[in-house]
Amino acid sequence: MNRRSYIKGLSLGALGGSFNLLAQSDQKLNEVSAKTNRGSKPITIKKVRAIATAPQRSRLIVVKVETSEPGLYGLGCATFNQRPLTVINAVHEYLDPFARGRDVDNIEDIWQNAYTSSYWRNGPVLNNALSGLDMALWDIKGKRAGMPVYQLLGGKSRFAVDCYAHSAGRDNKELEESVKKNMERGFRHIRIQVGAYGSPHLSTELDFKDAGFGLSKDTNMDTLPYLKAIPKAFEHIRNTCGENVELLHDVHERINPIEAANLLKELEKYRPFFIEDPLAPEDNGYFKFLRQHTTVPIAMGELFNSPHEWTPLITERLIDFIRVHLSQTGGLTPARKIATLAEWFNVRSAWHGPGDLSPVGHACNAHLDLAIRNFGIQESLIFNDATMEVFSGCPTYEKGYMHVNEAPGFGVDINEEMAKKYPYPEQPGYWEPVRRRDGTAVRP
């Protein structure tokens, strides 16, 4: 055999070996696929139930979806602190029988049909119940894939989730001390409030109480003391804490549209990162007016539960941050669609992350934050020891960033026996009435 023939034979042999390896690889892939899809019955929903607990005083609801696969379950957040018992009833009486026997893989199909199964929709009770089911199904899908949920959404767009902390004080000195503590903890974004929402402690004329109107525990809030205090607070914090910290503030829908426009114009010189919920949802039509009168970034949506509320504000570029509560909107399935819609209109995310959201809900926020292109900022909550006793795998914070663990699904589990140690507070959960001097209700 000559040299050329010998080399040709080697080449053909190598090529044949390569084809043989490829064939073996295809065979192994087919075997794995066959094992996964060998005609066995799909994994189905066996039971949907709600777990009630209050380790951080808020009335948390965690939905647990059990499956036909032994040991496989998912957790979702359905917390509605002001109406928890109605959500629990909705889960047990309606969602459980609706969901049983359905394929856990078909999240979109289950969501669409559950959403319309009550015929009337867009209500907070049923949306929260649906959110618990939806998040739990995403948790299951992540566990089945052996991946964190953010990987199912396309992987990470950032290494961690930048967060804002909360600072408050009854006067500017107390507020300054709180801001400096949060800066020392590594937070670069801090929301500042003078007392509670609307600074009710600055209002002293309680004429409605003198007249015997309402209840003695009802809170009073007049707009003038609040409108005078907030610009002074921003000025004080800028002078004492510097220009490098990003400052946020929550109006909490407690003033009228003209007052909101004047307040935001006055705050422009202090360069807020955003002003949150300057108008009530009922005043959405005023956002065009507000946008024309100020350059301050606007965050809105914590009370929204319908696409009819957020879609116009996003598509008309009337807000800068969409701030919906994921449980209020129905879970991760609609939230990722909101994020996609917002991306094309340069609106960033700032999902609601309060104390009345379970660690499962906070983890869901964070997994979506990690994946989307148009992430803005995330509200933070420091979990107390009791919460971490009940929930393992809670998100953690370092230098102002939220981190999720890399466990499959959302990475958060619940100890049901520990959860029983923290029953709901005895008093009913409702939003305490806030009134003007004459007794008129203030709408949050």
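## A walk around helix 3 and beyond

Strand 1 (45–53), helix 2 (84–99), helix 4 (124–145), helix 11 (307–315), helix 12 (326–329) and helix 13 (332–343) are among the elements that cover the buried residues of helix 3. Keep in mind that this is a predicted model.

So what is being covered? Helix 3 spans residues 107–116, and its buried residues are Ile107, Ile110, Trp111, Ala114 and Tyr115. Looking down the axis of helix 3, you'd find these buried residues within an arc of 125°, so they line one face of the helix. There's a handy rule behind this kind of pattern: an α-helix has 3.6 residues a turn, so residues three or four places apart point the same way.

Now for two of the covering elements. Helix 13 has 12 residues and reaches 16 Å from its first C-alpha to its last, close to the 16 Å expected at 1.5 Å a residue. Its buried residues are Leu332, Thr333, Pro334, Ala335, Ile338, Ala339 and Ala342. Strand 1, meanwhile, runs antiparallel to strand 2 (residues 60–67), and 8 bridges join the two.

Next, some backbone angles. Most residues other than glycine have a negative phi.

| Residue | Phi |
|---|---|
| Tyr119 | near 70° |
| Asn122 | near 70° |

Tyr119 sits in the loop between helix 3 and helix 4, and Asn122 lies in that loop too. Is Tyr119 buried or exposed? Tyr119 is exposed, because its relative accessible area is 59%, and the cut-off for exposed is over 50%.

Finally, let's look at a couple of charged residues. Arg238, found in helix 8 (residues 223–241), counts as buried because its relative accessibility is 6%, and buried means under 20%. Setting aside neighbours within four places in sequence, Arg238 is in contact with Glu243, Val245, Leu247, Tyr270 and Arg271.

Asp277 has its place in the loop between strand 8 (274–276) and helix 10 (287–293).

Note on methods:
Residues numbered from 1 in each chain as written. Predicted model: local features only at pLDDT ≥ 70, side-chain atom pairs only at ≥ 80, totals over all residues. Heavy atoms only, no water. Buried < 20%, exposed > 50% of the residue type's maximum accessible area, 1.4 Å probe, protein only. Helix = DSSP H or I, 4+ residues; strand = E, 2+ residues; numbered from the N terminus. Arc of directions from axis to C-beta. Contact = heavy atoms within 4.5 Å. Expected span 1.5 Å × (residues − 1). Pairing = 2+ DSSP bridges.
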